[in-house]
Amino acid sequence: MHRHLTALARTGLAVATAGVLAVATGSQATAADPSYSAGTSVGVHNAYEKAKYPYFADALDSGAGMLELDVWTNVFGASWRVSHSNPLGNDNNCANAANAAELRTKSRNRDLGGCLADLKAWHDAHPGHRPIQLKIEMKDGFAANLGRGPAQLDALLTSKLGDALLRPADVVGSHPDLDSAVRADGWPARTSLAGKFVIELIPGTVEEGNPADSLWTDREYATHLRDLAAAGRLREASAFPAVHGAAAGDPRTRYPDTTIRPWFVVFDGDAATYTNGTIDTAWYDDRHYLVVMTDAQNVAPAIDGTNPTPAQALDRVNLLAGQHASVVSADWYPLPAVLATVVPRGSAG
């Protein structure tokens with residue numbers, strides 16, 4: 001039934017042990033060493049919540065290919081706050097660890113810098129770990145006027161994660177933009193991304209529901225990428241903006257400014273919408289774009305959103321891999337064997 005799982009589990013182990021060699025010998029994908037966009041992994045929605053994992057290190061240990069954080073910047077609070085529904089403070093499982101010994105010993109409820117510190121401490125203790133996509137939902141958007149804009153996020157990510165980041169410049173190479181790069185050369189080989197974090201940014205629910213906010217995270221960060229590239233400073237950028245919301249055709253046509261469209265190569269939306277027959281999901285795969293499919297449990301026939309049987313969850317992963325998902329996202333934190341699964345994208349199990 002799950003014919004790809006054993007082979008891909010072995011591939012995952014190879015990634016962990018061959019990371020240093022892969023980086024040293026180049027990142028070009030081959031048939032024997034497929035690109036990052038050629039696989040489908042599993043993500044955990046809001047992995048910072050203490051009800052799911054006592055510590056963020058537990059989420060990192062889970063084997064998941066994607067973990068999600070919610071970040072607030074506005075209202076009356078300070079700093080980059082990490083919580084689901086409290087815009088004024090931090091409510092999360094991050095410990096601001098300086099090293100692996102502190103990952104589960106310090107107090108929790110830290111800001112984004114503290115969560116990134118945990119990533120770095122865990123990263124240092126697990127050299128050559130699987131590539132991990134860190135999805136950041138900017139709940140109420142950037143606040144550049146308060147010192148929490150795209151440039152400040154880049155600086156924070158760089159200060160905490162440094163060379164552990166896959167940067168847009170790493171993908172762009174000699175091409176003029178991300179779209180040209182991934183359509184021509186694809187993403188780096190998965191093995192070359194051992195020990196790397198891929199940062200995805202999406203606009204948040206509060207931002208999208210705010211009629212006074214006309215500059216959402218996606219457009220603001222894509223504009224930031226375009227301007228950095230024009231200034232010869234793309235290396236400063238640390239994240240990939242996502243087009244949020246499943247839609248037919250090329251969803252980037254929603255942006256009136258055509259100059260920012262080529263800076264979107266990540267797409268994120270509801271799995272049930274992507275798979276309802278109105279969207280050609282192969283279009284994304286053919287162009288090597290990443291597609292995060294959320295609320296995977298709601299695709300018919302619906303299964304439990306937290307604790308389905310492993311067989312049900314694996315069947316859903318294979319189903320959505322066949323529908324060209326890059327990441328299948330749900331709240332399946334009780335199922336670490338499922339979370340660690342990576343299957344070939346575009347192949348139904």
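Which residues does Val182 touch, not counting residues up to four places away in sequence? Val182 touches Val171, Trp187, Val265, Arg287, His288 and Tyr289, where contact means heavy atoms within 4.5 Å. The structure is a predicted model, in which local features need pLDDT of at least 70, side-chain atom pairs count only at pLDDT 80 or more, and totals for chains, interfaces and linings use all residues. Residues are numbered from 1 along each chain as its sequence is written, and side-chain values use heavy atoms, with hydrogens and water left out.

Confidence is given by pLDDT, the predictor's score for each residue, from 0 to 100. The chain averages a pLDDT of 92. A score of at least 70 is reached by 92% of the residues. Residues 1-26 have a pLDDT below 50. This stretch still has 34 contacts in the model beyond near neighbours in sequence. Where pLDDT is low, the predicted coordinates should not be read in detail.

Val182 lies in helix H6, residues 178-185. Helices (H or I, at least four residues) and strands (E, at least two) are DSSP runs, numbered from the N terminus. Val182 is buried, as its relative accessible area is 0%. Buried means under 20% relative accessible area, exposed over 50%, and partly exposed in between, with a 1.4 Å probe and protein chains only. From Val182 to Ala325 the C-alpha to C-alpha distance is 16 Å. These two residues are 143 residues apart in sequence.

His288 sits in the loop between helix H10 (282-286) and S8. Its phi is near 65°, a positive value in a residue other than glycine. With a relative accessible area of 27%, His288 is partly exposed.

Ser326 is placed in the loop between H11 and strand S9 (327-330). Ser326 is buried, with a relative accessible area of 6%. The C-alpha atoms of Ser326 and Ala38 are separated by 7.7 Å. Along the chain, Ser326 and Ala38 are 288 residues apart.

Between strand S8 (290-294) and helix H11 (310-322) runs the loop that holds Pro301. The peptide bond from Ala300 to Pro301 is cis. Its omega is near -5°.

The loop between S3 and H3 contains several of the local features. Cys94 of this loop pairs with Cys115 of helix H3. A disulfide joins the two, with S to S at 2.0 Å. A disulfide is a pair of cysteine sulfur atoms within 2.5 Å. The count by this rule is one. The torsion about the S-S bond of Cys94 and Cys115 is about 100°, so the disulfide is right-handed. The pair links distant parts of the chain, 21 residues apart. Both Cys94 and Cys115 are buried.

Ala95 lies in the loop between S3 and H3. Ala95 is buried, with a relative accessible area of 0%. Not counting residues up to four places away in sequence, Ala95 touches Tyr55, Glu102, Leu103, Lys106, Ser107, Arg110 and Asp118. Its C-alpha atom is separated by 8.8 Å from that of Ala57, 38 residues apart along the chain. Asn96 lies in the loop between S3 and H3 as well. Asn96 has a positive phi of about 55° although it is not a glycine. Asn96 is partly exposed, with a relative accessible area of 26%.

Two packed helices are described by the angle between their axes and the distance between the axes. The axes of helix H3 (residues 112-125) and helix H4 (residues 150-161) come within 9 Å. They cross at roughly 35°. Axes are lines fitted to C-alpha atoms, for helices over the stretch in contact, and angles run from 0 to 180 degrees between N-to-C directions. H3 passes H4 in a right-handed crossing. A crossing is right-handed if the near helix is turned clockwise from the far one by less than a right angle, and left-handed if anticlockwise. From H3, the contact is made by Leu112, Gly113, Leu116, Leu119 and Lys120. From H4, Leu153, Leu156, Leu157, Lys160 and Leu161 take part. These residues divide into seven nonpolar, one polar and two charged. Ala, Val, Leu, Ile, Met, Phe, Trp, Tyr, Cys and Pro count as nonpolar, Asp, Glu, Lys and Arg as charged, and the others, Gly among them, as polar.
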